[in-house]
Amino acid sequence: MSAVLRPEIHDTPARFDARNLGRLHITPLQAPLGARVSGLDVRERPSAAQVLALKAALRKHHILVFSGQTPDDSQFLDFTRHFGTIFAAPRNAPVLGSDPYGNTPEVVRVSNVDDGLLGNHELPAHADHHWTPQPSAGSLLLALEVPSLGGDTTWRNLALAYDALDDATRREIDDLQLITYNPFLRSRHPLPDGKRPLYRSPDIEALTPWVAHPLVRTHPESGLRALYLDESTEVELVGYDPVAGAALIARLREHLLQERFAYRHQWQVGDIVYWDNQITLHGRTEFDPSERRVLKRISLSGSTPF
Ligand SMILES: O=C(O)CCC(=O)C(=O)O
Ligand SMILES: [Fe+2]
């Protein structure tokens, strides 16, 4: 039996009801990026209008801050999957939480206790999985236990950082390709002096596998241009003089770390921050190792940067 579509269905395609937002409110932060989301319990299935409002808000504000959330792992995953599939790294590209066979857990425990990952030290600003061929489009962190002081996470707006460059610098960097070497591979292959270079010089053997991405990335949905460079991972500009390249990267890093592009988040238990890795960096301050800090992270898969 064949279904016959009524012509009026073609004439007036159904749309979600934009009024069906429930109690959802999105309020921009007084900051260079970020918005606060209220009136949503991530344990419950969101409406189409709510999902679309969150997607639009993320595009516009780059990070979304939720509070008072209590999902278990499966509820956290269900909520996250409204925004895409869960990130899995290629087996030969280790990332935070990978096992020795290259499997990546869906939910990564970011904690300084009970065999958690990342300890209590400061984390330089980075975009998750930058060194993989298709870096994660976004990540969500849920705070379960937080220290009384420190362990704040700062996000940086890389579109603002790009816009604030002078014209000559923008012209100079617009078509450059940057290799960001995998820091987990550098841990497995330490240099004789144990140092972690900020820029690979010709005397250092390149870590493999590596992949080059545009230094100026175009956001795949908004089209915004962003300076796709982190604070201190070993990098190299393709086909560029090594001395001039190291100097250019150092200058760009100093530029993007300015406070005028940053929002610093002091965590409360129950916070979720959902950020766009394609247009922001994040890093955190250290905290007292005698205090507990436990968060869970889920990352979404991404696409080849262009
Ligand atoms: O501990 C933090 O605040 C951030 C950790 C981090 O970089 C991550 O989970 O991707
Ligand atoms: Fe991260």
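Strands S3 and S15 run antiparallel and are joined by four bridges, where strands are DSSP runs of E with at least two residues, and helices are runs of H or I with at least four, numbered from the N terminus. In this pairing (two strands pair if DSSP finds at least two bridges between them), Phe-66 stands opposite Ile-272 of S15. S15 also runs antiparallel to S7, with five bridges between them, and here Leu-140 has Tyr-274 of S15 as its bridge partner.

The model is a predicted one, in which local features need pLDDT of at least 70 and side-chain atom pairs count only at pLDDT 80 or more, whereas totals for chains, interfaces and linings use all residues. Residues are numbered from 1 along each chain as its sequence is written, while chains are lettered from A and ligands numbered from 1 in the order in which they are written.

These pairings belong to an open sheet of eight strands with mixed pairing, in the order S1-S2-S3-S15-S7-S17-S4-S5. Its edge strands, S1 (25–28) and S5 (117–118), each pair on one side only. Within the sheet, S15 is mostly covered, as five of its five residues are buried (20 or more other C-beta atoms within 10 Å of the residue's own; 12 or fewer is exposed, in between is partly exposed, with C-beta atoms placed from the backbone). Ile-272, Tyr-274 and Asp-276 point one way from S15, and Val-273 and Trp-275 point the other way.

Leaving aside residues up to four places away in sequence, His-25 touches Ser-38 and Gly-39, contact being C-beta atoms, placed from the backbone, within 7 Å. The C-alpha atoms of His-25 and Gly-39 are 6.1 Å apart, although 14 residues separate the two along the chain.

Turning to ligand 1, the residues around it include Asp-128, Ser-139, His-282, Arg-284 and Arg-297. Strands S7, S16 and S17 each supply at least two residues of this shell.

Technical notes: Near = placed C-beta within 6 Å. Contact = placed C-beta atoms within 7 Å.
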